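Visitor: I'm new here. Could you show me around, one question at a time?

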Amino acid sequence: MSLSRISVTGVRNLQPVTLTPSPRINILYGDNGSGKTSFLEAIHLLGMARSFRSTRLTPVIGHEHSSCTVFGQVEMADGQSGALGISRDRSGEARIRINGQSVRSAAELADALPLQLINPESFRLLEGAPKLRRQFLDWGVFHVEPRFIQAWQRLQQALRQRNSWLRHGTLDPASQAAWSRELSAASEEIDGYRRAYIQALKPIFETTLAALLDLDDFQLSYYRGWDKGRSLTEVLSASIERDRIIGHTQAGPQRADIRLRIANHNAAETLSRGQQKLVVCALRIAQGHLVSEAKRGQCIYLVDDLPSELDDQHRLALCRLLEQLNCQVFITCVDSNVLREGWRHDTPVSMFHVEHGAIALDHGPSGVKA
């Protein structure tokens, strides 16, 4: 899978642009503030219907525009092509089209265009709250297990009902029992999907990490969100009075986490910033392998400021792994010379210069490799 054409209008400081990127490696270089990250943000908007830089939409839309629009022509691994488009206005309304048809769910967009983001905020996957690691986990499960989304929706509804009852006591005993059964059933199903996914992810992650770092006794484990020795039904029954006092359900898959440790120490507290970046890259590359296998196509990788925090050796090792994915990659950097060389001679590489919001193909002698 790759984007063969991308059109962007009204995103931050970017001038209206239509690009024909390489199906493999695309490098956008230019000064800080020139618009490189904004272009990655536009692709993220196309695949996720939201920004990765702001929870608010207003800053994403350029000052002189009432809305922002991104269009993409998608080439599938089986030779078929499709079209994706999204427009969002300042009120927050989103208009999404897939192959000419309007759709209402951003999940359909995410399913059509799997994206992996590696950026300076990626450290938060290690040092941030469990919610971030659950989002990482569930993104992968969503793309490899079609039944996951329905189970997740059932879980959310059951949690809302139980939490409302805990706070307000408005459900009769029969309804309480019914929603507790639904919550337990959906939770066990989700836990099964997550465990299967982690089991598949772990060996790929370990192999990928070994190509980037020599770390002894690095451990990746999964915590499901409640005592592994008891069913969720038992745990919920035993904790009901405490849940009532707090006003929400404390145990369940909404508390799940991925734990990353070195010799029983939290990896985020042990590793340097550069090492943390490589661990996150290994996680995302491993996840991309699983998604590509499940979807018979490739993820698209967005890598913002790849050289930061990395020495030459580790930067080259990361580039080799991205190259071996045989997928489309968009990379930003300040200095074009840092990433211009080092790719295989048969890998198509396109260089784009970004300046004051304008993006132009670099036609220099090393700018494009066919």
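This is a predicted model: local features need pLDDT of at least 70, side-chain atom pairs count only at pLDDT 80 or more; totals for chains, interfaces and linings use all residues.

Visitor: Is T332 buried or exposed?
Guide: T332 sits in strand β13, residues 328-333. Strands (E, at least two residues) and helices (H or I, at least four) are DSSP runs, numbered from the N terminus. Buried means under 20% relative accessible area, exposed over 50%, and partly exposed in between (1.4 Å probe, protein chains only). At a relative accessible area of 1%, T332 is buried.

Visitor: Which residues does T332 touch, leaving out those up to four places away in sequence?
Guide: Contact means heavy atoms within 4.5 Å. By that rule, and not counting residues up to four places away in sequence, T332 touches L28, K36, L40, V303, D304, D305, L306 and P307.

Visitor: Which side chain does D362 join in a polar contact?
Guide: D362 belongs to the loop between β15 (358-361) and β16 (368-369). Its relative accessible area is 14%, so D362 is buried. At 2.9 Å, the side chain it joins is that of Y29.

Visitor: Which residue of β15 is the bridge partner of V354?
Guide: Strand β14 (residues 349-355) runs antiparallel to β15, with four bridges joining them. Two strands pair if DSSP finds at least two bridges between them. The two form a hairpin with two residues between them, and H356 in the turn has a positive phi of about 50°. As for V354, its bridge partner in β15 is I359.

Visitor: What is the phi of R12?
Guide: Most residues other than glycine have a negative phi, and most peptide bonds are trans. R12 is found in the loop between β1 and β2, and with a relative accessible area of 22% R12 is partly exposed. R12 is not a glycine, yet its phi is positive, at about 45°.

Visitor: And what is phi for E309?
Guide: Look in the loop between β12 (300-303) and α11 (312-324) for E309. E309 is partly exposed, its relative accessible area being 46%. Here too a residue other than glycine has a positive phi, near 70°.

Visitor: What is the order of strands in the open sheet of six?
Guide: Strands of a sheet pair through backbone hydrogen bonds, either parallel or antiparallel. In this sheet the pairing is antiparallel, and the order is β2-β1-β4-β5-β6-β7. At the edges, β2 (17-19) and β7 (101-103) each pair on one side only.

Visitor: Which residue in β4 is the bridge partner of L3?
Guide: Seven bridges hold β1 (residues 2-9) to β4 (residues 67-75), and the two strands run antiparallel. Within that pairing, L3 has as its partner V74.

Visitor: Why is one side of β9 and of β11 left without a neighbour in the sheet?
Guide: They belong to an open sheet of three strands, paired antiparallel in the order β9-β10-β11. β9 (218-223) and β11 (265-266) stand at the edges, so each has a single partner strand.

Visitor: How far apart are the centres of domain 1 and domain 2?
Guide: Domain 1 covers 1-114 + 298-365 and domain 2 covers 122-293, with bounds from an automatic or database domain assignment. In contact are 19 residues of domain 1 and 19 residues of domain 2. Taken over C-alpha atoms, their centres are separated by 29 Å.

Visitor: What area do domain 1 and domain 2 bury between them?
Guide: Buried area is the accessible area (1.4 Å probe) that two parts lose on being put together, summed over both. For these domains, 75% of it is on carbon and sulfur atoms, and the total is about 1500 Å².

Terms used
Residues are numbered from 1 along each chain as its sequence is written. Side-chain values use heavy atoms; hydrogens and water are left out. A polar contact is a pair of N or O atoms within 3.5 Å; within protein, one must be able to donate a hydrogen and the other to accept it, and residues adjacent in sequence count only if both atoms are side-chain atoms.
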